[in-house]
Amino acid sequence: MGIIAWIFIGLLAGAVAKLLMPGKDPGGLIVTMLIGIAGGLLGGWLGKVIFGVDSIDGFFDLSTWIAAIVGSMLLLLLYRLVIGNRRSHRHA
């Protein structure tokens with residue numbers, strides 16, 4: 001798949017991750033979209049490394065989307081933990 005397809009998948013995966021993990025994010029929409037793009041790439045890489053599957057078979061392949069969404073959810077969770085803790089320490 002081309003880089004444009006991965007950006008598109010990442011954007012949609014970031015939106016789905018945000019829907020599955022509601023709550024206030026420390027960043028705005030742009031940060032969530034960037035996390036989605038990076039999460040899509042991370043999910044594809046983790047699927048290949050951990051499970052030995054080619055999770056980036058094609059744009060319409062279900063494994064591609066699942067990997068991208070799971071990767072986006074992982075990065076969104078990490079982002080909330082790291083940035084959320086920084087902000088809570090400043091206000092204390």
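A residue is termed buried when its relative accessible area is under 20%, exposed when this value is over 50%, and partly exposed in between (1.4 Å probe, protein chains only). By this criterion, buried residues make up 32% of the 92 residues in the protein. The structure is a predicted model, in which local features need pLDDT of at least 70 and side-chain atom pairs count only at pLDDT 80 or more, while totals for chains, interfaces and linings use all residues. Residues are numbered from 1 along each chain as its sequence is written, and side-chain values use heavy atoms, with hydrogens and water left out.

The confidence of the prediction is expressed as pLDDT, which the predictor assigns to each residue on a scale from 0 to 100. The average pLDDT of the protein is 77, and 79% of the residues score at least 70. Among the elements, α1 has the highest confidence, at a mean of 82, and α3 the lowest, at 78.

The protein contains 3 helices and 0 strands, where helices (H or I, at least four residues) and strands (E, at least two) are DSSP runs numbered from the N terminus. The order of elements from the N terminus is α-α-α. Helix α1 covers residues 3-20, helix α2 residues 29-51 and helix α3 residues 62-91. Contacts are defined by heavy atoms within 4.5 Å. Of the contacts with a separation of 6 or more, 72% join residues 24 or more positions apart.

Beyond the neighbours within four places in sequence, S72 is in contact with A13, G14, A17, I35, G36, G39 and G40. The side chain of S72 also reaches the backbone oxygen of A68 at 2.9 Å. L76, likewise placed in helix α3, is buried because its relative accessible area is 2%. With the neighbours within four places again left aside, the contacts of L76 are A17, K18, M21, D25 and I35. The C-alpha atoms of L76 and D25 are 8.5 Å apart, although 51 residues separate the two along the chain.

In helix α2, T32 is buried as well, since its relative accessible area is 11%.

A distance of 8.6 Å separates the C-alpha atoms of V16 and S72, which are 56 residues apart along the chain.

Accessible areas were computed by the Shrake-Rupley method with a 1.4 Å probe; for residues, only the protein chains shown count as cover. The protein exposes about 5,800 Å², of which carbon and sulfur atoms supply 75%. On the surface, W45, V49, I50 and F51 form a nonpolar patch with about 490 Å² of accessible area together. Patches are made of residues with over 30% relative accessible area and no salt bridge, like charges being joined within 9 Å and nonpolar side chains (Val, Leu, Ile, Met, Phe, Trp, Tyr) within 5 Å. A salt bridge is a side-chain nitrogen of Lys or Arg within 4 Å of a carboxyl oxygen of Asp or Glu. V49, one of the residues of this patch, is found in helix α2.

Methods: Polar contact = N/O pair within 3.5 Å; in protein donor to acceptor, adjacent residues only side chain to side chain.
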